[in-house]
Amino acid sequence: MTNYATKNNRADIVKTNRLSEGLPPMGMWDEMVLHQSMFKQRYAKKPIELTSIRFELSPSEEEARNWTMEDWRRFLDEFIREMDGISKVNHIGKKKGRAATSVKPTNIANSQYFAALHRDSKSGIPHLHLVVNRIDMDGNLNDVKFIGERAVMAAKAINQRHGWKDAMDIRQERIAEVTKACTDVLRSMPFFDWDEYADQLRAKGYDIELIRDKNGQGRVHGYRFKFGKTSIKASELGVGRNLTASKIGNTFRKLHPQPTPVAVSQRPSSSVSNATTLDSRNTASQGGQSRTSNVTNPDLPDGLRKIIEVDGERFSIVMPRTAYDTMNSCIEVPENGSASHTDILNVAMLLFMNYLDAATSMSESCGGGGSPGSGWGRDKDDDDRDWARRCAMQANTLCKPIRRGMRR
């Protein structure tokens, strides 16, 4: 931690306290350890495991613009005074009327510490690292109960005194800005594709990271935006987590309402007998990770050919019209779910062609989950309609919304 805070002696040391002058990073740490050893017997029954406290102080770029080293020292001293003056903690998000919790004040001003100035490698925004010895110069332990909440309280007090924006207010403004950018990109896309979604957001200047399964190569199960040392997760965006990886497809569908595909009767051309199609247009999947394209197949009398794209991979569907009609009639849309009739029908078609992984992925993307199981498959006695019926029933089950409760 000492090496990181000082960048192996490459960071600017703003201030040291109760330490010898001119020490290298490990020299400062050794002196802290030496001080702790003087009180070893006092804490013999309960040895101190966490031997230091590290704070990271990051005023906004506007607030810290053109600061001198003396400005940073004044800012550091102000933060330490606020921290040492806190004896009661108002918990973040506490219920109205709940009493504040009493804490033992810290004694950072009379403790060994050093503060080093960093600059973010990408943005160049400066921030201060403060490392404090847990044992003060009197041999007493600096209490760390609710230390994070105390730091937030100290920062808020400084913000109010100087008329600076509160960090949480800045974060909420940034979340609203990113939410709008994500929604604008979704609205502009003709079909949903994770790589295209990320590329368009990067083009707007955002540092987005897609989190995938299978060592970064599989299905996207999350994403986040990075802003220097902080980040915003997809779960913080939008309304009701509607921009998370599992719900973004349904959000895309709401932004791009599509008519329900309708079966078309025989084509008038006598050269193609009984060829059928569901819809000549490309349809963005409600599952958010697929799109479909339906075309007639002149080589398959009274049959259907369809392309379903899931997670960037295209799956070809070929099935008799009678099987499709049976399958379509068995689809049941669950109540309070995000899967539509078309979603479930696509899952059933994927099952019909034995694309189990694609069917599972698509069912998960529209609020369902699970898999058909290892014993799933077509029985030797199943005709096309029996098999289509079984696939529809299984798709109904897979696309039912799953209750994901919180676990301890």
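Q: A crossing counts as right-handed if the near helix is turned clockwise from the far one by less than a right angle, and as left-handed if anticlockwise. Which is it where H9 passes H12, right-handed or left-handed?
A: Right-handed. Keep in mind that this is a predicted model.

Q: At roughly what angle do the axes of H9 and H12 cross?
A: Roughly 30°, and the axes come within 8 Å. Here H9 is residues 321-329 and H12 is residues 384-398. Angles under 35 degrees count as roughly parallel, so H9 is roughly parallel to H12.

Q: Which residues in H9 and H12 meet?
A: From H9, Thr322, Ala323, Thr326 and Met327. On the H12 side they meet Asp384, Arg385, Ala388, Arg389, Cys391 and Ala392.

Q: How many bridges join E7 to E8?
A: 6, between residues 207-212 and residues 220-227. Arg212 stands opposite Val220 in E8.

Q: And how many join E8 to E9?
A: 4, with E9 covering residues 230-233. Lys226 has Ser231 as its bridge partner in E9, and Arg224 has Lys233.

Q: What about the hairpin of E8 and E9, how many residues sit between the strands?
A: 2. In this hairpin Gly228 takes a positive phi near 65°.

Q: Last one, H10. What span should its residues have?
A: Helix H10 is residues 341-352, and at 1.5 Å a residue its 12 residues should span 16 Å. The end C-alpha atoms are 16 Å apart, which agrees.

Q: How many of the residues of H10 are buried?
A: 11 of the 12, so H10 is largely enclosed by the rest of the structure. Among the buried ones are Ile344, Leu345, Val347, Leu351 and Phe352, and also Asp343 and Asn346.

Q: Which residue with a positive phi follows H10?
A: Asn354, with phi near 70°.

How values were computed. Residues are numbered from 1 along each chain as its sequence is written. This is a predicted model: local features need pLDDT of at least 70, side-chain atom pairs count only at pLDDT 80 or more; totals for chains, interfaces and linings use all residues. Side-chain values use heavy atoms; hydrogens and water are left out. Two strands pair if DSSP finds at least two bridges between them. The expected span of a helix is 1.5 Å times one less than its number of residues. Buried means under 20% relative accessible area, exposed over 50%, partly exposed in between (1.4 Å probe, protein chains only). Axes are lines fitted to C-alpha atoms, for helices over the stretch in contact, and angles run from 0 to 180 degrees between N-to-C directions. Angles under 35 degrees count as roughly parallel, over 145 as roughly antiparallel, 65 to 115 as roughly perpendicular and the rest as oblique. Contact means heavy atoms within 4.5 Å.
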